[in-house]
Amino acid sequence: MGEKSKVLLYESMHQEGTALLEEKCDVIYARSYDEKDLIDQVSDVNAVIIRANGAVTEKIIKAAPKLKVIGRHGVGLDAIDLAAAKKRGVRVVYTPQANKESVAEHFVALALMLAKKIRLADMALRDCNWQARYELIGTELRGKTLGVLGFGRSGQQTARICRFGFDMRVLYYDPIAFSETEKELNARRVDAKTLFKEADFISINMPLLPQTRHFVNADRIKLMKPGAVLINMARGPVWNERDVVAALQENQIAGAGSDVYEVEPISPDNPLLKLDNFVGTPHMSAHTEEAMIRMSMVAKDVLCVL
């Protein structure tokens, strides 16, 4: 590669990927995620790698005349101005397969916590409330209907685990038909209304796009069964958080879970945190050792472009 390329990492990543970059490039780290600070740092960089925080805006791209490639450590590309990158001939690479397993398993973990009332049971046990074993009556996943909103890699892997692990019937809503996966899982592609009406557990796996913002709203939640569970594994704004809170407060559905929120980091006064029929995690579903290694391999694609 001749003279070493310069790579700006927004955040640190697994050493396996970092070592690949450090072998051939000069690696620097973002001082902050503030746009002005990032603009100050990109004037001579050849590559940028972004994780969960910050954004690669049009202004940042314009301020980086030597920029050849933007790497996304993970899946979602909503924090990268793709139009600006394309206009300036900057490649965008990411790791679409890296976290499908970890996200799918995380959905199952949240679904089981809600179905078996594990959070409430754990709290009762810590209070030595043994009587709770007679009061907290759970339900089984086996034989229930799974509805997947967005049948991409994570959505399909979620369906695979639920179909073969719990013998669940699989419905999915997606603009694209996946005929091979339908055959594999005996899955059925349906419209949104059918999915919300028939599913016992719904996994939200849609990318955040203008047309998917608040796709899950009060009108659709009202279609759900009273005993159904809704879990967001995508991006916070794909559902309308206020509508979800209202549905949980009014016991329209049995429960909800999420790894993502409309405002992140989550605010301490977010009403979801006060609800017993909600279980959440702090945007960490992709954070397994295995997935972190696979996501750090975005370094390989960045190096290929350079």
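Start with Asp78, which is partly exposed at 43% relative accessibility. The model is a predicted one. Is Arg235 buried or exposed? Arg235 counts as buried because its relative accessibility is 18%, and the cut-off for buried is under 20%.

This pair belongs to a wider topic. Side chains of opposite charge can pair when their charged atoms come close. How many salt bridges does the structure hold? The structure holds 11 salt bridges.

Next, select Glu58 and Lys62. Their side chains meet in a salt bridge of 3.5 Å, N to O. Both are in helix α3 (residues 58–62), and they are separated by about one helical turn because they are 4 residues apart there. Glu58 is partly exposed, with a relative accessible area of 34%, and Lys62 is also partly exposed, at 49%.

Move on to Arg163 and Asp167. The side chains of Arg163 and Asp167 form a salt bridge, 2.9 Å from N to O. Arg163 is partly exposed at 23% relative accessibility, and Asp167 is partly exposed at 39%.

Then select Arg169, Arg188 and Glu198 together. A network of salt bridges links these three residues.

Now look at nonpolar side chains. In soluble globular proteins, nonpolar side chains tend to be buried together. Select Leu149, Val216 and Leu230: in the largest nonpolar core, which has 30 residues, these three touch the most other members. Which of the elements gives the largest share of the core? The answer is α12, with 4 residues.

Follow the chain from α12 to Asn251, in the loop between α12 and β11. Asn251 is exposed, with a relative accessible area of 56%. Check its backbone: phi is near 55°, a positive value in a residue other than glycine. Most residues other than glycine have a negative phi, and most peptide bonds are trans.

Where is the cis peptide bond? Select Glu264 and Pro265, which are joined by a cis peptide bond with omega of about -5°. Pro265 lies in the loop between β11 (255–258) and β12 (278–280).

Go on to His283, in the loop between β12 and α13. The phi of His283 is near 50°, again positive in a residue other than glycine. His283 is partly exposed, at 28% relative accessibility.

For the last stop, show the surface and select Glu16, Glu105, Glu289 and Glu290. These residues gather in a patch of negative charge on the surface. Glu290 is found in helix α13 (residues 289–296) and is partly exposed, with a relative accessible area of 49%.

Key
Residues numbered from 1 in each chain as written. Predicted model: local features only at pLDDT ≥ 70, side-chain atom pairs only at ≥ 80, totals over all residues. Heavy atoms only, no water. Patch = residues over 30% accessible without salt bridge, like charges linked within 9 Å, V, L, I, M, F, W, Y side chains within 5 Å. Areas by Shrake-Rupley, 256 points an atom, 1.4 Å probe, with all protein chains shown as cover. Salt bridge = Lys/Arg side-chain N within 4 Å of Asp/Glu carboxyl O. Lys, Arg positive; Asp, Glu negative; His and termini not counted. Charge placed at Lys NZ, Arg CZ, Asp CG, Glu CD. Helix = DSSP H or I, 4+ residues; strand = E, 2+ residues; numbered from the N terminus. Buried < 20%, exposed > 50% of the residue type's maximum accessible area, 1.4 Å probe, protein only. Core = buried A, V, L, I, M, F, W, Y, C linked by side-chain atoms within 4.5 Å.
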